[in-house]
Amino acid sequence: MDKATQRFTNEMLLDVLSLSHHATAIYATDNIIIEAANDAMIAFWGKDRTVIGKTLEDAVPELKGQPFIGMLRNVLLTGISDAGTGIAAELFVEGQLQTFYYDYEYTAIKNEAGETYCILHTASDVTERELNKHALELAREQEQALKIEQLLNEKLAAANEELTSVNEDLHEMQQRLLLLNNELEARVERRTRELSNYASRLRYMLSDAPVAIAVFTGRELFIESANKKALEAWGKTDEIIGKTLEEAIPEIIGQGFLPILDLVFTSGEPYVGNEVKALLPHGDLIQEAYTNFVYQPLKDADGNTTSIMLVASLITEQVLARKKVEHAEEMLRFALEAADIGTWFIDVKTQQMVTTPRLKELYGYNGNEDMTFLQAMAQVIDEHRGMVEEKINHAIAAGGRYDISFSARRFHDQKLVWLRALGKLVSDNNGTVRKFSGVVMDITEQKEDEQRKNDFIGMVSHELKTPLTSLIAYVQILQGRMAKTGDIFTINALSKMNIQLKKMGEMINGFLNVSRLESGKILLEKTDFNLQELLKDVVEETMLTVTTHELVFLPCDPPVIIHADQPKIAAVVSNLLSNAIKYSPRGKIVTIRCEATDNTILVSVKDEGMGIKPQDIDKLFDRFYRVNSKHTETISGFGIGLYLSAEIVQHHEGKIWVESKSGSGSTFYFSLPIHRDIKSSASS
Ligand code: ADP
């Protein structure tokens, strides 16, 4: 300032400054005293020229609190100029505090020594520019904000859309949940219904169960429940429910049940009783009952027994039936042992033969040795084996029984014994064999007795034949002589004697034949002959002596030649004829018929006699069998005719049988096989 004053006065300087359109001010000293300020600057401040010489702070008090005074002081202090653009300043102009923007410069004016002695403050009002700039920025900001808003809106829209779709999904899910819920509810309802049905069924089942069920509660065994079967078994009504077991059924005291129940209570372990006998009331009586039962402890959540359930099945009938069977079996065993009978049984499943020791002994084994069916068959003598096999096979095929006597050689000692075997095969409806069993007994002694008897009969018959033959011879001589005398009475008497002697001869022959048959000495002497002729001869011969009945003969057409033992077949026919006459009343017809098929001839003898009862039919062909009735009492005979006839027919591989009804006559049949060649040669 000192140098400036050298060439310009202050006023001069101020005049220069005042001319400038740029607002200018000069400050000196630390207090920022306004040394000079042109009008433009003063106009900025909104003041008048009185501000000159005052501190800036006093002159423009509103600058207090704004940074400018501090900044000016800093320039003075540091000597570093300061400048700024668009800086805001709050100034009191035209009566109100307003914001203006300035570009300014605080230039440090220095002396030659480089010391700052004043500050030149230039400023231009850029309020409009700044405001424009601000407005522009604001517009830009608004635009930016708008964009952001738009973006946000878009995002919001997208989010909204997503939300809508999520909402829709949610809705759909809710719907499904609703459906599921409904379904679940329906199921729960159904299940509940089922459970209630189940519960009522269970109740029904328990009450009507075929086993006795009861529950006893507490140590005292109060009868909590008991079904029909239980009440029935105890012989009580449901009045006993709620009472103690002891009180309700005092009859069980002392039978051992109460201590067992007590034990189940203390141990918590179930008790199973098998086929236990109980004496229970039944009306006024006490009856024996058998039961299979369980005492089942029922426990609470802590595992303590609170009650006991009884489940029992009554098996009285089964046990008694079994005991009966056991008793019967025992009796049968005794009987079999006493009768010395061996039994066998074929296990249908395993096909194994199970035998009693006695049966093995009969076949000559030790009782503990093994014996198979095949072994037993091999021991049968060759002569009988075929017959035994055939009868057994027939029984198997037809599902029936067999009764055979045969000779067998014992295993160890090779002794020949006679055995009788009876077997029965039981099949079900499908023909499947269910049981096959039988008995075998030793009949050696009987057979030996029979043999002795047969030998005796044979011997007696034989011995009788010699005198009989001479008797017949003498009668015939006498008949010859008497014929010449004309003594009618004697002639007739001799003729009757002859008939009776013939009958006697036939009888003796019958016995002889039986004896031969039994000793296996009957032999067939087969020849080819015309059966027609044979039948005719027998019929005619019978007619000679029989006048009481009418004999009708229906011959074979065409005639048949058979290969057989002629006299023996004649004996069969003669026997059937004489029986038909013997067992039918006078005046009745006896019809002899012969029929031939391709392979067999069938001869039948029909009468109109007394007939035969069904129970006798099977036995007629047995040796010495005679029907025992009032009708037959007076008719003579020994029961050997049909036996011999059957043997003869069977030896010819034929069959003999009878069809009859008691009171309406009988028809006896026998059939014999025909050899084709013979038949054709006969018819040619
Ligand atoms: P017999 O006649 O000598 O007694 P058979 O063996 O010939 O012996 O006959 C056995 C039994 O069969 C007879 O006793 C008789 O009871 C019965 N019988 C035989 N033939 C007839 C028949 N035609 N009608 C009724 N019963 C008969």
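Reading a disulfide, a helix pair and a cavity

Tutor: A disulfide joins Cys 556 to Cys 594, with an S to S distance of 1.6 Å. Keep in mind that this is a predicted model.

Student: How many disulfides does the structure hold?

Tutor: The structure holds 1 disulfide.

Student: Which hand does the disulfide of Cys 556 and Cys 594 have, and why?

Tutor: Read the torsion about the S-S bond. For Cys 556 and Cys 594 that torsion is about 85°, so the disulfide is right-handed.

Student: Which parts does the pair tie together?

Tutor: Cys 556 sits in the loop between β17 (550-554) and β18 (561-564), while Cys 594 belongs to strand β19 (residues 589-596), so the bond ties together parts 38 residues apart in sequence.

Student: Where is the cis peptide bond?

Tutor: Look at omega. The bond joining Asp 557 and Pro 558 is cis, with omega about -5°. Pro 558 is found in the loop between β17 and β18.

Student: What is there to note about phi of Leu 221?

Tutor: Phi of Leu 221 is near 60°, a positive value in a residue other than glycine. Leu 221 is placed in the loop between β6 and β7 (222-226).

Student: Now the helices. How are two packed helices described?

Tutor: By the angle between their axes and the distance between the axes. Here, take helix α17 (residues 566-582) and helix α20 (residues 641-651): their axes come within 9 Å and cross at roughly 145°. The crossing of α17 past α20 is left-handed.

Student: Which residues of α17 and α20 meet?

Tutor: From α17, Lys 568, Ile 569, Val 572, Asn 575, Leu 576 and Asn 579 meet Gly 641, Leu 642, Ser 645, Ile 648 and Val 649 from α20. By class, this contact of α17 with α20 has 6 nonpolar, 4 polar and 1 charged residues.

Student: What shows where empty space is left?

Tutor: Rolling a probe the size of a water molecule over the atoms shows it. This structure holds 3 cavities of 30 Å³ or more. The largest cavity has a volume of about 250 Å³.

Student: Which residues are closest to the centre of the largest cavity?

Tutor: Of the 17 residues that line the largest cavity, Trp 234, Phe 257, Leu 280, Tyr 295 and Leu 310 are the closest to its centre. The elements giving two or more residues to this lining are β6 (212-217), α7 (228-234), β8 (271-282), β9 (285-299) and β10 (305-314).

Student: Is the lining of the largest cavity mostly nonpolar or polar?

Tutor: By class, the lining of the largest cavity has 16 nonpolar, 1 polar and no charged residues.

Notes
Residues numbered from 1 in each chain as written. Predicted model: local features only at pLDDT ≥ 70, side-chain atom pairs only at ≥ 80, totals over all residues. Heavy atoms only, no water. Axes fitted to C-alpha atoms, helices over the stretch in contact; angles between N-to-C directions. Helix = DSSP H or I, 4+ residues; strand = E, 2+ residues; numbered from the N terminus. Left-handed = near helix turned anticlockwise from the far one by under 90°. Contact = heavy atoms within 4.5 Å. Nonpolar A, V, L, I, M, F, W, Y, C, P; charged D, E, K, R; others polar. 1 Å grid on protein atoms, 1.4 Å probe; cavity = no way out; pocket = protein on both sides within 12 Å on 5 of 7 lines; lining within 4 Å. Points joined across faces, edges and corners; volume = space filled by probe spheres on them. Disulfide = S-S within 2.5 Å.
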